[in-house]
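Dear colleague,

I am passing on the structure we spoke about, and I would be glad if you opened it before reading further. My notes on what was found in it follow below.

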Amino acid sequence: MKVTAYALLGSVLLSSLATSALAQPQAGPSTTGVEFRNTITGEIMKTDEGKPGGRDSEGIKTFLQTGVNKYIDDKSCLRNGESLYLTSCSGCHGHLAEGKVGPGLNDNYWTYPSNTTDVGLFSTIWGGANGMMGPHNEDLNPEEALQVITWIRHLYTGPTQDAVWLTAEQKKNYEPYKEGQHFSKDEKGQCKPLEE
Ligand code: HEC
């Protein structure tokens with residue numbers, strides 16, 4: 001009886017050791033304040049796994065801790081986000097997120113209403129959804145995913161009152177994307193130009 005109890009204790013200790021070893025990040029913070037859950041299964045996802053890098057800027061640390069997207073109207077981040085979106089997403093969702101093989105992301109209809117928050121949208125990017133919507137945590141690191149989110153929010157053309165991801169203040173100033181608008185390499189802000 002005693003032996004079993006000790007064996008049990010031992011295995012509990014061992015497994016907690018193993019978990020803490022696994023939880024060691026590749027870079028940046030080891031814990032996130034926000035719980036990211038897979039859009040389909042609801043399983044908790046780790047943001048310290050997947051594509052390396054992009055975990056130590058103030059912007060991404062704030063997002064992983066609090067869910068607040070500090071990039072939302074920063075032109076340097078919009079510039080990066082456009083480029084990343086065009087590489088990873090527009091083939092299926094359309095150049096302006098108007099929808100193609102995948103649904104439109106620029107209107108106020110969401111298959112998964114969780115995508116109306118940036119934490120929810122991050123979760124869909126990180127862990128995927130159904131069918132062709134695979135996980136993107138191998139081609140985008142958290143920082144890049146947040147920049148993509150920022151660009152998608154900028155492409156939104158629906159009623160501003162339905163833009164759940166904006167604060168009341170941001171709603172007042174919201175200006176959606178205008179065709180042909182570009183943000184140059186020289187835009188100063190929180191996001192460094194992407195490496196070429
Ligand atoms: C290979 C095609 C493909 C690519 C690439 C792709 N998606 Fe998708 N996406 C889809 C399909 C198909 C769906 C519908 C899946 C579903 O309903 O579960 C979808 C669904 C979504 C949804 C859910 C929309 C809603 O109405 O709730 C979001 C958000 C999304 N994709 C974002 C992205 C982003 C951001 C990228 C780039 C990082 C991306 N997708 C790349 C095909 C794709």
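**Notes on the structure**

Ala-97 is found in the loop between helix 4 and helix 5. Please keep in mind throughout that this is a predicted model.

The phi of Ala-97, by contrast, is near 60°, a positive value in a residue other than glycine. Ala-97 also counts as buried, because it has 24 C-beta neighbours inside 10 Å and the cut-off for a buried residue is 20 or more.

Turning to the chain as a whole, you will find that its secondary structure comes to seven helices and zero strands, so that reading along the sequence gives the pattern α-α-α-α-α-α-α. The protein chain has 196 residues, of which 31% count as buried. If you look at the contacts with a separation of 6 or more, residues 24 or more positions apart account for 69% of them.

Leu-64 is itself buried, because 23 other C-beta atoms lie within 10 Å.

The crossing of the two helices is right-handed. On the side of helix 5 the contact is made by Asp-118, Leu-121, Phe-122, Ile-125 and Trp-126, while helix 6 contributes Ala-145, Leu-146, Val-148, Ile-149 and Ile-152. When the residues of this contact are divided by class, nine are nonpolar, none is polar and one is charged.

Finally, there is the ligand, which is surrounded by 23 residues, and the closest of these are Cys-89, Cys-92, Gly-102, Ala-129 and Asn-130. The elements that give two or more residues to this shell are helix 4 (90-93) and helix 5 (118-127). Which classes of residue make up the shell around the ligand? The shell has 13 nonpolar and 10 polar residues, and no charged residues.

Notes. Residues are numbered from 1 along each chain as its sequence is written. This is a predicted model: local features need pLDDT of at least 70, side-chain atom pairs count only at pLDDT 80 or more; totals for chains, interfaces and linings use all residues. A residue is near a molecule or strand if its C-beta atom, placed from the backbone, lies within 6 Å of it. Helices (H or I, at least four residues) and strands (E, at least two) are DSSP runs, numbered from the N terminus. Ala, Val, Leu, Ile, Met, Phe, Trp, Tyr, Cys and Pro count as nonpolar, Asp, Glu, Lys and Arg as charged, and the others, Gly among them, as polar. A residue is buried if 20 or more other C-beta atoms lie within 10 Å of its own, exposed if 12 or fewer, and partly exposed in between; C-beta atoms are placed from the backbone. A crossing is left-handed if the near helix is turned anticlockwise from the far one by less than a right angle, and right-handed if clockwise. Two residues are in contact if their C-beta atoms, placed from the backbone, lie within 7 Å.
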